[in-house]
Amino acid sequence: MSSRLLVVIAAALGLAGFAEALLAPGIEGARLVGAIAAPLLAAPLAWGERRPVAALAAVAVVLAVQAALGGAYAGASVTTIAVLAVALYCAGRHASGRWALAGAAVAAAAIAATRVAADPAARPLREALLT
């Protein structure tokens, strides 16, 4: 993916995530956290080609902060799943070298750990392994 395409994808997913959070049923505070987090979650995709590990790490940080503030779980949002797919693709495609791949693996593990910690549905071993 080119840098320009990633910027367009980041903008589209940020807007879609914002709208999804505002229109989703649920607790008002969780919707507000999701609406604020959605553009912040998608923004790092814009540098997914140049800095793929940093982009994936930024996504992991936003997801952890969102979960800590009581936002919706990652599995409850279509746009979050799309952001994760693009960020993981960029890390796998553009990260080079052992240290970069190790950093991407740590960031991916942090994302999975955040989901398991924040989502009771992901706590059984079977569900956790699928995360």
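Trainee: What covers the buried residues of H3?
Mentor: Helix H2 (28–42), H4 and helix H5 (98–118) are among what covers them, with contact meaning heavy atoms within 4.5 Å. Buried means under 20% relative accessible area, exposed over 50%, and partly exposed in between (1.4 Å probe, protein chains only). Helices are DSSP runs of H or I of at least four residues, numbered from the N terminus. This is a predicted model, in which local features need pLDDT of at least 70 and side-chain atom pairs count only at pLDDT 80 or more, while totals for chains, interfaces and linings use all residues. Residues are numbered from 1 along each chain as its sequence is written, and side-chain values use heavy atoms, leaving out hydrogens and water.

Trainee: Which residues of H3 are buried?
Mentor: They are Pro 52, Ala 55, Leu 56, Ala 58, Val 59, Ala 60, Val 62, Leu 63 and Gln 66.

Trainee: And what follows H3?
Mentor: Gly 70 follows H3, and its phi is positive, near 90 degrees.

Trainee: Moving to H4, is Thr 80 buried or exposed?
Mentor: Thr 80, which lies in helix H4 (residues 78–94), is buried because its relative accessible area is 7%.

Trainee: What does the side chain of Thr 80 make a polar contact with?
Mentor: The partner is the side chain of Ser 77, at 3.1 Å. A polar contact is a pair of N or O atoms within 3.5 Å; within protein, one must be able to donate a hydrogen and the other to accept it, and residues adjacent in sequence count only if both atoms are side-chain atoms.

Trainee: Why does Ala 82 count as partly exposed?
Mentor: Ala 82, also found in helix H4, counts as partly exposed because its relative accessibility is 27%.

Notes
Helices (H or I, at least four residues) and strands (E, at least two) are DSSP runs, numbered from the N terminus.
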